[in-house]
Amino acid sequence: MNRPTPAIVAERSAQRLPRLALILFCAAYVLPGLFGRDPWRNADLSAFGFMASIAQGSAPWWQPAIAGIPAEGGPLPYWIGALAIKAMPFADAAFAARLPYALILALVLVLVWYSCFHLARTDAAQPVAFAFGGEAQAVDYARALADGSVLALIATLGLLQLGHETTPELLQLLAISIYLYGLAAAPYRATKARWASLFALPILAASGAPAVALALSGIGAWLCQRSRFSEVRSLTPWLLAAGGLAALSAWEFNAWAWRLKSTLDWDQAQRNLSLLAWFCWPVWPMSLWTLWRWRAHWQGRHILLPLLAALVPLLTSVLMGGSDRALLLSLPAMAVLASFALPTLQRGIAAAMDWFSVFFFSAWALLFWLHYVSMHLGWPRTPMSNLRRLGLGDSFEPSFNPLALLLATLATAAWIALVRWRTARHQHALWKSLVLPAGGVSLSWLLIMTLLLPPLDFIRSNGPLVERLRAHLPADINCVAAPDQSLATLAALQFQGRWRVEADKTLQQTACSYAIQSNAIEIASGWTLVAAVRRPSDKTNGFVVLKRI
């Protein structure tokens, strides 16, 4: 006997989000941060360094390297950035490398929409039929939930920074989204589903996550075998073939880089829970609500598929000692799972989400504007004083950008209009509870990338460090030795400072006339100290510039 679903949805509640509004939501989320900034330290800058090394011919395509240090994992993410740099020689290399990754983020949003749409069309996901009619139609209901899944993904805090970097994890996120779409669309788009499944897992393996690809291959094959749809069962050999191709690509690219943590203590478990709590907000409480309300239907493909697709990266994150970049891969599936909570949300919970979003994001917007006014007008003094104390120092000089001010003003006005629309009268659409969380995240990101981009770029990039080093490193030196330095520092020296850098040799082995090392290391014999340099935003750690005697 089939139990009725917990979704009770009237026809008026299955309204689709206007396409222009959805496109503007996505544009306000994807585009800020694409223009006018340097690659930021650590993963973003090091990934750009590998891309630039290929594009400029200082490393082979098959083995990207920075200053002689090879990249771990597959080279596919670096190929994409390198091809973009070579295709746009007239543009800044950092912007050219960032552009295809902005398109990848947009494609992830599209794939999440279609994944949720196809899952919501299945019979097990449909709302209860009313005795005298008036229930939501299947396609309208699926569109409304798909709109909600995109809003849920945009509202997720963990995607905010990592989704706007040029790192291999973003290509892994795309591969996971393609995999999710392939299994979701199998009953309706058999050909597309097969090709999506065949390509998704090799891309995932060639981007540095072969173990996750193999796990998803086995789980996907098991899900397909137990399906009542013949089109889904026919997908099984394609998933197994995709797993074989994933293993082959990982072996060919030498991508089997295990980064598992051997022990898991209580402190680490607490850190994992803390990371999950903020990184996956608000999709994790909504996903739990979905599992509770749909517990009698948990074996339906609209619940089981996104649940398993989210659990594999979640378990991987735990085994890697709480890796946020592994946890990133669970967000598309969790957004789809969270969307099925929308038909079952109680009015009190929805109202609490709305008012929390209004106060939380309005407070942050006010704080960003106060810092902007303090930076340019000198009043109030406290925000700018705090920024200088936290990392700007006295060397930062704010610059006025009228376009940034215009965009920030329009975004703030749009937020006020959105709050007024949501709170002025009762809304019936299923996705109504996620409009303010998604709008608040988009507003915050846009304000940061317009009003506060200059000080943030000053703190997060290595550009100021390179400018300080340039005063002590002649432009015509043969090379700079930088052993034991981070990949981000090496990338800044090589592609922002434009020096030839050697990092795979010790100071005794190198033929370079200048060297850079951390100031905590004893100066090697045969070298003399030229200067001590540190980042303007770093008050403790620094570097020393050495010259061969």
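**Reading cavities, a buried helix and aromatic pairs**

Q: Which helix gives the most to the lining of the largest cavity?
A: Helix α4 (residues 93-120), with four residues. Helices are DSSP runs (H or I, at least four residues), numbered from the N terminus. The model is predicted, so local features need pLDDT of at least 70 and side-chain atom pairs pLDDT 80 or more, while totals for chains, interfaces and linings use all residues. Residues are numbered from 1 along each chain as its sequence is written, and side-chain values use heavy atoms, without hydrogens and water.

Q: How many cavities of 30 Å³ or more are there?
A: A cavity is a set of points on a 1 Å grid over the protein atoms alone where a 1.4 Å probe fits but cannot get out; lining residues have an atom within 4 Å of a point. Here the count is two.

Q: What lines the second largest cavity?
A: Pro39, Asp44, Phe48, Ala94, Arg98 and Thr166. Two elements, α2 (43-55) and α4, each give two or more residues to this lining. The volume of this second cavity is about 30 Å³.

Q: Why is helix α16 described as largely enclosed by the rest of the structure?
A: Check burial: buried is under 20% relative accessible area, exposed over 50%, partly exposed in between (1.4 Å probe, protein chains only). In α16 (residues 331-339), nine of the nine residues are buried, so the helix is largely enclosed. Among them are Leu331, Met334, Val336 and Ser339.

Q: How many aromatic pairs are counted?
A: Rings of Phe, Tyr and Trp (its six-membered ring) pair with centres within 6.5 Å; planes under 30 degrees apart are stacked, over 60 edge-to-face, the rest tilted. The count is 23. One of them joins Trp278 and Phe279, edge-to-face, at 5.5 Å centre to centre and 70° between the planes. Trp278 is partly exposed at 44%. Phe279 is buried at 1%.

Q: Which parts of the chain does the pair of Trp281 and Phe356 link?
A: This pair is edge-to-face too: 6.3 Å centre to centre, 70° between the planes. Trp281 sits in the loop between α12 (266-279) and α13 (283-293). Phe356 sits in helix α17 (residues 347-377), 75 residues apart from Trp281. Trp281 is partly exposed at 34% relative accessibility, and Phe356 is partly exposed at 43%.

Q: Which residues form one aromatic cluster with Trp281 and Phe356?
A: Trp284, Phe360, Phe361, Trp364, Phe368 and Trp415.

Notes
On a 1 Å grid over the protein atoms alone, a cavity is a set of points where a 1.4 Å probe fits but cannot get out, and a pocket is an open set with protein on both sides within 12 Å along at least five of seven lines; lining residues have an atom within 4 Å of a point. Grid points are joined across faces, edges and corners, and a volume is the space filled by probe spheres set on the points.
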